Amino acid sequence: WCTYDQTALAEAEVEYEDHTSPSIYVKFPVVQSPSVLSRIFHVPFPADVTQISVVIWTPTPWTLPANQAVCLHPDIDYAFVLAGNEVLVVADKLVDTVAKACDLSGYRILGVKKGRDGFEGLETERPLTRGLSPILLGEFVTLEQGTGCVHIAPGHGMEDYQLVLDYNARAGAGERLEILAPVDDAGRFTEAVGEFAG
């Protein structure tokens, strides 16, 4: 698709240039309280912990307004990392890498649980739009880079799209997730994302 001419292009017409996009780490605060999560995961959280967040990493921050869910791998070990008075959930094998990238110091791991052991169905707050994003499980999540937690924008990615289709097939009418692609033919955000429109 050519955003300049606003027409479809044949593969032979596409010319690629080197382009660097910034990547970003984003916290998705879990709606359930630390005391509830402590019971679910059998992990003792200090009394002064006010928030537990799943941390995602994305090289396409422009897809965040279309977020509908967060995905963890069922068989990856996830660490509850205490940093100050909050707990961050990231893949256990990536804790040191994430801590270095996010300039975390004095952190410690309170416990480790597999993705399938209580995360599925918990709800998180979306960082840029209203609504809640459930935690889903997916086999496509890897430990190659990032946090082992993936933000899901089904209007922008095939694996995300398929995951949400599968979720919606099992969900009730009021629980279905939207396939949202709030970008117009010129490659600009639409009114659906408010302050980013245009």
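Predicted model: local features only at pLDDT ≥ 70, side-chain atom pairs only at ≥ 80, totals over all residues.
## The nonpolar core

In soluble globular proteins, nonpolar side chains tend to be buried together. In this model, the largest nonpolar core comprises 45 residues. Within this core, Phe45, Tyr78, Phe80 and Phe119 have the most contacts. The element that gives the most to the core is strand E4 (residues 77–83), which supplies 6 residues.

Phenylalanine 80 illustrates how residues from several parts of the sequence meet. Neighbours within four places in sequence aside, its contacts include Phe41, Val43 and Phe45, as well as Val87, Leu88 and Val89. Phenylalanine 80 also touches Arg108, Ile109, Leu110, Gly111, Lys113 and Phe119.

Serine 53 belongs to strand E2, which covers residues 51–58. Its relative accessible area is 1%, so serine 53 is buried. Beyond residues up to four places away in sequence, serine 53 touches Lys27, Phe28, Pro29 and Val30, together with Glu86, Val87, Leu88 and Val89.

Threonine 124 is found in strand E7 (residues 123–125). With a relative accessibility of 0%, threonine 124 also counts as buried. When neighbours within four places in sequence are left aside, its contacts include Phe28, Pro29, Val30 and Val31. Val54 and Val70 are also in contact with threonine 124, as are Gly131, Leu132, Ser133 and Ile135.

## Salt bridges

Side chains of opposite charge can pair when their charged atoms come close. The structure contains 3 salt bridges. In one of them, glutamate 86 pairs with lysine 27, and the closest N and O atoms are 3.1 Å apart. Glutamate 86 is in strand E5 (residues 86–91) and lysine 27 is in strand E1 (residues 24–29), so this pair ties together parts that lie 59 residues apart in sequence. Lysine 27 is partly exposed, at a relative accessible area of 41%.

Arginine 116 forms a salt bridge with aspartate 75, with 2.6 Å between the closest N and O atoms. This pair links two loops: arginine 116 lies in the one between strands E6 and E7, and aspartate 75 in the one between strands E3 and E4, 41 residues apart. Both partners are partly exposed: arginine 116 has a relative accessible area of 45%, and aspartate 75 has one of 39%.

Lysine 114 forms a salt bridge with aspartate 77, the closest N and O atoms being 3.0 Å apart. Because lysine 114 is in strand E6 and aspartate 77 is in strand E4, the pair ties together parts 37 residues apart in sequence. Lysine 114 is partly exposed, with a relative accessible area of 26%, and aspartate 77 is partly exposed at 33%.

A search of the whole structure finds 0 disulfides. Cysteine 71 takes part in none, and the nearest cysteine sulfur, in cysteine 149, is 9.2 Å away. Cysteine 71 is buried, with a relative accessible area of 0%.

A disulfide requires the sulfur atoms to be within 2.5 Å. Cysteine 102 counts as partly exposed, at 31% relative accessibility.

## A nonpolar patch on the surface

Met158, Tyr161, Leu165 and Ile179 form a nonpolar patch on the surface. Together these residues have about 370 Å² of accessible area. Methionine 158 lies in helix H3 (residues 158–170) and is exposed, with a relative accessible area of 63%.

Terms used: Residues numbered from 1 in each chain as written. Heavy atoms only, no water. Helix = DSSP H or I, 4+ residues; strand = E, 2+ residues; numbered from the N terminus. Buried < 20%, exposed > 50% of the residue type's maximum accessible area, 1.4 Å probe, protein only. Contact = heavy atoms within 4.5 Å. Patch = residues over 30% accessible without salt bridge, like charges linked within 9 Å, V, L, I, M, F, W, Y side chains within 5 Å. Areas by Shrake-Rupley, 256 points an atom, 1.4 Å probe, with all protein chains shown as cover. Salt bridge = Lys/Arg side-chain N within 4 Å of Asp/Glu carboxyl O. Core = buried A, V, L, I, M, F, W, Y, C linked by side-chain atoms within 4.5 Å.
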